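Have the coordinates open as you read.

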Amino acid sequence: MVTRALPKSSTCLRPADYLSYLGAPVPPAETAQAAAARVRGPVLPRRQIVATPTGRHALWAFLELVDLQPGAEVIVPAYNFYVIVRLLVQRGLRPVFADVEPDTLCLDPRAVAAVLGPRTRMVLVTHIYGHPADLTAIRALCDRRGLLLFEDCAHAVGTRCAGEQVGQTGDGALFSFGVEKLINSFGGGLLAVAPARAAAVPAIAPDPSRWHAVTDSLTRLGYTVAMSPAVYRATVHPAARVLGVVAPGLRRRIRDFFEPSKDDPAYRFSPAERPGYRGFMARLQARQLARLDANLARRRALVARMRAGLARIPEVAPLDMDRHGRANASYFAVRVPDATRLAAHLVARGIGAHPREFLDCAALVQFEDFQAACPVAHAATSRIVRLPSYPALTDEDADRIVAEVARFFAEPA
Ligand SMILES: *Cc1c(COP(=O)(O)O)cnc(C)c1O
């Protein structure tokens with residue numbers, strides 16, 4: 001049987017977009033900062049933009065800017081990307097884990113209220129999977145207690161809350177343009193801050209070396225090309241199948257090299273390790289932003305179609321991605337009894353699926369000093385799986401994904 005192999009996520013870059021990178025390997029005359037600022041205009045009108053090498057650099061820069069006392073507490077959603085929590089710990093802050101809402105997987109304002117204490121200085125919300133968090137309730141809480149609010153918008157370009165792009169309610173917000181994100185410029189990130197604060201943002205560490213900068217972005221460009229559906233289908237997928245048979249250990253090593261890791265207890269952030277924000281990134285982003293509405297409309301249509309199909313399967317519980325606004329549908333997460341088993345079934349049939357992409361950080365060994373019981377986040381770790389939802393999918397691809405999920409649950413265990 002011939003099947004169309006579908007990567008789990010895919011870039012929305014078009015061939016002509018790559019010319020922004022390939023056509024201008026030499027740094028342009030304009031500074032990267034100015035280019036980044038021009039991209040901002042239509043997207044984050046109420047914020048000043050600081051271009052950063054990655055999304056995590058944006059959080060780091062914000063933490064340097066606000067300079068909290070060591071031991072100050074920052075409330076974070078337990079269901080999270082471990083890197084974010086690591087950065088807080090590395091700055092000498094105490095992460096205080098709060099549980100997430102079952103339907104959105106975003107920080108639950110009631111859980112925030114329950115863990116607020118005299119040493120709380122900041123609340124960090126994550127618009128996880130592009131679902132808007134309850135910014136209205138959380139901002140009100142922060143205002144009552146004089147707390148800083150930071151928004152992790154790594155998944156949330158195009159996500160709206162009260163009709164506006166998220167990232168403009170908090171005192172600071174990060175955006176990421178890594179290879180797996182909705183807008184991909186082979187790396188790069190942005191810190192969004194209120195205009196009054198922007199002048200004080202500390203400078204980001206300069207490029208380690210020009211050679212390093214070039215190889216770094218070339219690696220990411222290679223990953224991006226490999227994950228475009230046609231290339232993936234013709235090369236990566238068959239090669240991975242062969243390697244899986246003849247050298248499974250090698251296949252794992254190659255995958256670990258390219259894929260962003262989901263948990264690494266030894267991870268430490270080092271600001272100088274990544275090259276700086278480069279001019280081509282702003283040009284790549286601008287081209288994708290010009291198509292953002294069509295991109296999101298297609299993702300939302302695909303997700304609506306798959307949700308309708310999955311509604312017949314009692315084991316699949318839908319989330320409420322629009323509870324507090326309008327999600328960008330950049331990720332399509334569903335709740336099932338065993339995410340790992342379903343993902344293995346789909347992958348064996350050529351459908352990329354992502355289990356355990358985010359974890360209950362309150363239960364990770366490296367954060368055991370900050371342990372907390374967060375049952376919703378804990379269950380989500382093993383029960384949430386991400387299905388493909390990128391615009392290169394056809395309606396037939398979407399129907400096939402639904403049919404394979406249905407087949408998995410119809411088969412005897
Ligand atoms: C990718 C990601 C980030 C950080 O992005 P980088 O550019 O890789 O530093 C932050 N938070 C979440 C939830 C992410 O998925």
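Glu151 sits across from Ala173 of E9. Keep in mind that this is a predicted model. The strands involved here are E6, residues 148–152, and E9, residues 172–176, which run parallel and share three bridges. Helix H6 (residues 135–145) packs on the sheet there, touching E5 and E6, and its direction makes about 150° with that of E6.

Zoom out and you get an open sheet of seven strands with mixed pairing, ordered E1-E10-E9-E6-E5-E2-E4. At its edges are E1 (48–52) and E4 (94–98); each has a single partner strand, so one side of each has no neighbour in the sheet. From one strand to the next, the twist averages 20°. Helix H4, residues 82–90, also lies across strands of this sheet, namely E2 (73–77), E4, E5 (120–126), E6 and E9, and it runs at about 145° to E4.

Then there's an open sheet of three strands, antiparallel and ordered E11-E14-E12. Its edge strands are E11 (332–335) and E12 (354–355), each pairing on one side only. E11 pairs with E14 (residues 384–387) in the antiparallel sense, over four bridges, and Arg335 stands opposite Ile384 of E14. Helix H13 (residues 339–348) packs on this sheet, where it touches E12 and E14; its direction is at about 25° to that of E14.

On to the ligand. Which residues surround it? The list is Thr54, Gly55, Arg56, Phe81, Ile84, Asp152, Ala154, His155, Ser176, Lys181 and Phe358.

| Residue | Atom on the protein side | Distance to a ligand oxygen |
|---|---|---|
| Gly55 | backbone N or O | 2.8 Å |
| His155 | side-chain N or O | 2.7 Å |
| Ser176 | side-chain N or O | 2.7 Å |

How much of the ligand does the protein bury? Taken alone, the ligand exposes 380 Å², and the protein buries 92% of that.

Key. Residues numbered from 1 in each chain as written. Predicted model: local features only at pLDDT ≥ 70, side-chain atom pairs only at ≥ 80, totals over all residues. Heavy atoms only, no water. Near = heavy atom within 4 Å. Polar contact = N/O pair within 3.5 Å; in protein donor to acceptor, adjacent residues only side chain to side chain. Areas by Shrake-Rupley, 256 points an atom, 1.4 Å probe, with all protein chains shown as cover. Pairing = 2+ DSSP bridges. Helix = DSSP H or I, 4+ residues; strand = E, 2+ residues; numbered from the N terminus. Contact = heavy atoms within 4.5 Å. Axes fitted to C-alpha atoms, helices over the stretch in contact; angles between N-to-C directions.
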